[in-house]
There are 2 protein chains.
Amino acid sequence: MDSGLKKDWSLHPQLAQDTLPVGDMPLTRVLLANDANYPWLILVPRLPGLVELIDLEENAQVQLLGEVAATARALKALTECDKLNVAALGNQVPQLHVHVIARRRSDAAWPKPVWGVKPPLAYAEGERTALLESLRQHLKCNELGGMDR
Amino acid sequence: MDSGLKKDWSLHPQLAQDTLPVGDMPLTRVLLANDANYPWLILVPRLPGLVELIDLEENAQVQLLGEVAATARALKALTECDKLNVAALGNQVPQLHVHVIARRRSDAAWPKPVWGVKPPLAYAEGERTALLESLRQHLKCNELGGMDR
């Protein structure tokens with residue numbers, strides 16, 4: 001996939017502000033939402049100009065699906081969640097991104113979708129570091145270098 | 001795909017109650033949410049026992065993605081919407097289903113996700129019939145027989 005990735009891609013500033021980088025998979029940058037209410041990943045294809053899933057070529061759609069499935073399996077294994085929520089909405093941030101969220105029946109928004117229900121809750125530093133490290137191991141992706149963050 | 005479809009599949013009663021059948025694609029039953037606030041399709045793989053996207057085998061995941069993309073393109077062409085929302089949530093109805101929703105900046109929930117924002121608005125009969133017919137033409141799927149509804 002790397003050959004299709006363009007150098008002129010950059011992460012939308014709102015996504016950069018609301019998340020912590022986990023690392024890069026072949027197509028997507030994987031981000032952890034900085035909200036301890038829910039283990040919540042966001043996958044952003046590193047290609048410029050994408051808004052809708054159907055803006056991706058078919059083989060890239062399939063690659064994205066594979067990366068969504070891999071992150072969903074990792075999140076389920078790590079969190080033993082009750083349900084996964086997967087969504088591409090983009091009503092507020094137009095850059096194509098896919099949410100993969102681990103839900104529990106005891107979480108702050110259950111059974112509602114998470115968006116707009118509770119203000120983000122900051123992670124304790126140790127909890128955040130441990131979750132990021134576990135995710136990197138499960139997803140076999142490395143921490144991004146300083147230039148990319 | 002048809003060979004993998006099991007006869008013991010049935011549509012969850014809550015999905016049956018809240019929607020009108022559009023027809024069947026190779027893997028999924030396509031439903032129109034009975035809510036005139038938003039042109040809103042729901043795709044349900046016709047295989048028993050599925051809860052998560054990752055419960056599907058990989059080739060069926062790719063087939064589902066193709067049917068999601070086809071319905072998204074049809075909905076975009078028919079409605080000239082501003083944004084598509086695609087989501088597999090399932091916190092309330094456990095049977096695996098994927099929402100494909102045409103959003104407008106002028107709609108009742110924009111920019112929020114649609115779930116739980118407004119009570120469903122009934123379609124006028126003529127509008128509903130016309131939308132169902134247009135969807136069937138775009139998706140090349142036929143109205144279900146009486147036995148399947």
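In strand 2 of chain B, B:Val30 is the bridge partner of B:Gly23, and this strand, residues 28-33, pairs with strand 1 of chain B in the antiparallel sense over five bridges; two strands are taken to pair if DSSP finds at least two bridges between them, and helices (H or I, at least four residues) and strands (E, at least two) are DSSP runs numbered from the N terminus. The model is a predicted one, in which local features need pLDDT of at least 70 and side-chain atom pairs count only at pLDDT 80 or more, whereas totals for chains, interfaces and linings use all residues. Residues are numbered from 1 along each chain as its sequence is written, chains are lettered from A and ligands numbered from 1 in the order in which they are written, and side-chain values use heavy atoms, with hydrogens and water left out.

The strands belong to an open sheet of 10 strands with antiparallel pairing, in the order 1(A)-2(A)-3(A)-5(A)-4(A)-4(B)-5(B)-3(B)-2(B)-1(B). Strand 1 (19-24) of chain A and strand 1 (19-24) of chain B stand at the edges with a single partner strand each, so one side of each is left without a neighbour in the sheet. On average, neighbouring strands of this sheet are turned by 20 degrees against each other, direction ignored. Helix 2 (residues 58-79) of chain A packs on the sheet, touching strand 2 (28-33), strand 3 (40-45), strand 4 (83-88) and strand 5 (98-103) of chain A, and its direction makes about 20 degrees with that of strand 5 of chain A. In chain B, helix 2 (residues 58-79) packs on the sheet and touches strands 2, 3, 4 and 5 of chain B, its direction making about 20 degrees with that of strand 5 of chain B. Contact here means heavy atoms within 4.5 Å; axes are lines fitted to C-alpha atoms, for helices over the stretch in contact, and angles run from 0 to 180 degrees between N-to-C directions.

A search of the whole structure finds 12 salt bridges over all chains, each defined as a side-chain nitrogen of Lys or Arg within 4 Å of a carboxyl oxygen of Asp or Glu. One of them joins A:Asp24 to A:Arg46, with the closest N and O atoms 3.5 Å apart. A:Asp24 lies in strand 1 of chain A and A:Arg46 in the loop between strand 3 and helix 2 of chain A, so the pair ties together parts that are 22 residues apart in sequence. A:Asp24 is partly exposed at 25% relative accessibility, while A:Arg46 is buried at 9% (buried means under 20% relative accessible area, exposed over 50%, partly exposed in between, with a 1.4 Å probe and protein chains only). In chain B, B:Asp24 forms a salt bridge with B:Arg29, the closest N and O atoms being 2.8 Å apart; B:Asp24 is partly exposed at 25% and B:Arg29 buried at 7%.

The largest nonpolar core has 70 residues, and those with the most contacts inside it are A:Val22, A:Leu32, B:Val22 and B:Leu32; such a core is a set of buried Ala, Val, Leu, Ile, Met, Phe, Trp, Tyr and Cys residues joined through side-chain atoms within 4.5 Å. Leaving aside neighbours within four places in sequence, the contacts of B:Leu32 include B:Leu20, B:Val22, B:Trp40 and B:Leu135. A second, separate core of 31 residues includes A:Tyr38, A:Val93, B:Leu31 and B:Trp115.
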